[in-house]
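Please keep the sequence and the 3D view open as you read.

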Amino acid sequence: ASCQVGIINGLSGWVASVDDSPADTITRRFRYDVALVSALKDLEEDIIEGLSKCGLEDSACTSGFSVMIKESCDGMGDVSEKHGGGPPVPEKAVRFSFTIMSISILADGEQEEVIIFREPKPNSELSCKPLCLMFVDESDHETLTAVLGPVIAERNAMKQSQLILSMGGLPHSFRFHFRGTGYDEKMVREMEGLEASGSTYICTLCDSTRAEASHNMVLHSITRSHSENLERYEIWRTNPFSESAEELRDRVKGVSAKPFMETQPTLDALHCDISNATEFYKIFQDEIGEVFQRPNPTREERRGWRAALDKQLRRKMKLKPVMRMNGNYARRLMTKEAVDVVCELLPTEERREALRELMELYLQMKPVWRATCPTNECPDQLCQYSFNSQRFADLLSTAFKYRYNGKITNYLHKTLAHVPEIIERDGSIGAWASEGNESA
């Protein structure tokens with residue numbers, strides 16, 4: 001009946017390491033089931049209220065509750081100690097966390113599940129509960145897998161079982177469904193055994209190569225899954241047809257490591273925003289320098305265009321240049337206002353038109369993968385999405401052909417090709433993004 005929530009040592013059982021960082025400083029975590037109990041206890045009032053709102057008696061739900069959980073995991077850059085003094089630890093960290101997205105119930109004799117609780121702010125750092133904090137570099141695959149291994153074992157055990165927990169004084173049973181969607185592309189590729197993001201296999205959702213994706217920008221469907229990645233890894237490992245390395249790689253479509261953790265193939269809305277803004281920032285520079293007329297400019301020329309763009313954005317929009325594109329800069333840059341400012345630097349009306357149309361289409365598409373619930377928040381844009389993305393792709397392959405001949409960025413491909421299908425499957429992209437974990 002009492003919930004004791006303690007922090008357990010994520011490395012219990014490890015001997016103190018002889019490495020440069022002592023093992024007992026590497027990680028701290030909650031036991032997964034205990035953390036879930038604690039999170040559910042926090043929601044007790046909401047659950048009871050949800051039941052009464054739906055007119056359900058406590059006794060009418062013998063089948064128990066289904067709890068949908070979003071898992072997020074992300075590396076955190078520079079966390080080195082600013083004034084020294086502690087034990088020596090790596091200066092990168094990784095945070096693994098979960099958010100309770102919804103709780104539903106199947107009442108006796110009913111066919112449809114009723115949702116009695118839905119997280120109103122799925123991307124807030126407040127709803128994003130930390131499970132494990134580690135001093136690990138997210139690129140250090142071996143250490144990361146060693147530390148997260150027990151977490152995944154606990155998660156797998158919970159998939160098969162149910163939790164009995166008292167709510168409002170009565171015992172109820174809870175079943176958990178886990179969906180790992182709060183990962184950026186780098187982490188997904190690492191967890192799912194895919195090659196790194198510069199690979200010719202550009203997508204974590206389909207088998208397309210970069211050349212195919214730039215040639216056919218819109219028509220792709222989601223084919224990858226965790227189980228398929230595991231099968232492909234087995235083929236990669238055993239090479240049953242005794243093929244050459246090239247043929248083998250083509251057969252497994254870039255799966256060349258063992259998938260370690262199941263993630264839900266989706267698109268990370270936050271990084272999609274940032275990546276596409278970076279791309280537009282480069283297009284702006286290319287347009288200022290009229291690259292469509294004369295390819296292969298020198299480095300110096302490029303630098304000059306970038307300086308001109310930064311100066312214009314700073315003067316007209318108070319946008320300071322940033323070292324690396326971040327969410328806030330991306331949101332300010334991807335506006336009609338910013339395009340108008342950039343258009344002042346373009347020599348011909350024809351190019352201004354093309355750039356304005358490109359941004360206009362993008363701004364029509366963006367709410368669809370940003371919204372927590374697109375069917376309610378932007379139904380019109382959702383209906384027009386496929387049409388808009390087709391038009392966007394046409395523009396890229398005509399007016400901006402100089403940039404997209406045989407190449408396209410990973411997130412731009414996903415933005416154009418996969419958004420409607422993911423929304424049809426999950427109902428939302430924005431709600432499942434990694435922002436909560438990122439801001440926390």
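## Helix 8 and helix 9

Helices here are DSSP runs of H or I with at least four residues, numbered from the N terminus. The contact (heavy atoms within 4.5 Å) brings Tyr 281, Phe 284, Gln 285, Asp 286 and Ile 288 of helix 8 to Arg 302, Trp 305, Arg 306, Leu 309, Asp 310 and Leu 313 of helix 9. By class there are 6 nonpolar, 1 polar and 4 charged residues in this contact. In that scheme Ala, Val, Leu, Ile, Met, Phe, Trp, Tyr, Cys and Pro are nonpolar, Asp, Glu, Lys and Arg are charged, and the others, Gly among them, are polar.

The axes of helix 8 and helix 9 come within 9 Å and cross at roughly 110°. Each axis is a line fitted to C-alpha atoms over the stretch in contact, and angles run from 0 to 180 degrees between N-to-C directions. The two helices are therefore roughly perpendicular to each other (65 to 115 degrees; under 35 is roughly parallel, over 145 roughly antiparallel and the rest oblique).

## About the model

This is a predicted model, in which local features need pLDDT of at least 70 and side-chain atom pairs count only at pLDDT 80 or more, while totals for chains, interfaces and linings use all residues. Residues are numbered from 1 along each chain as its sequence is written, and side-chain values use heavy atoms, leaving out hydrogens and water.

## Two loop residues with positive phi

Glu 290 sits in the loop between helix 8 (269–288) and helix 9 (299–317). Its phi is near 50°, a positive value in a residue other than glycine.

Asn 239 is not a glycine either, yet has a positive phi of about 45°. Its place is the loop between helix 6 (226–238) and helix 7 (245–252).

## Two further helix pairs

At what angle do the axes of helix 11 and helix 12 cross? For helix 11 (residues 336–343) and helix 12 (residues 349–370), the angle is roughly 170°, and the axes come within 10 Å. That makes helix 11 roughly antiparallel to helix 12. Their crossing is right-handed. Among the contact residues are Val 339 and Val 342 of helix 11, and Leu 355 and Met 359 of helix 12. The contact divides into 6 nonpolar, no polar and 5 charged residues.

Helix 1 (residues 32–42) and helix 3 (residues 141–160) have axes that come within 9 Å and cross at roughly 65°. Here Tyr 32, Asp 33 and Leu 36 in helix 1 meet Val 151, Glu 154, Arg 155 and Met 158 in helix 3. This contact has 4 nonpolar, no polar and 3 charged residues.

## Domain 1 against domain 2

An automatic or database domain assignment gives domain 1 (7–182) and domain 2 (185–439). Their C-alpha centres lie 30 Å apart, and 31 residues of domain 1 are in contact with 23 residues of domain 2.

The area buried between the domains is about 2,300 Å², with carbon and sulfur atoms giving 55% of it. Buried area is the accessible area (1.4 Å probe) that two parts lose on being put together, summed over both. In domain 1, Asn 123, Arg 179 and Thr 181 lose the most area to domain 2, together 25% of what that side buries.

Terms used. A crossing is left-handed if the near helix is turned anticlockwise from the far one by less than a right angle, and right-handed if clockwise.
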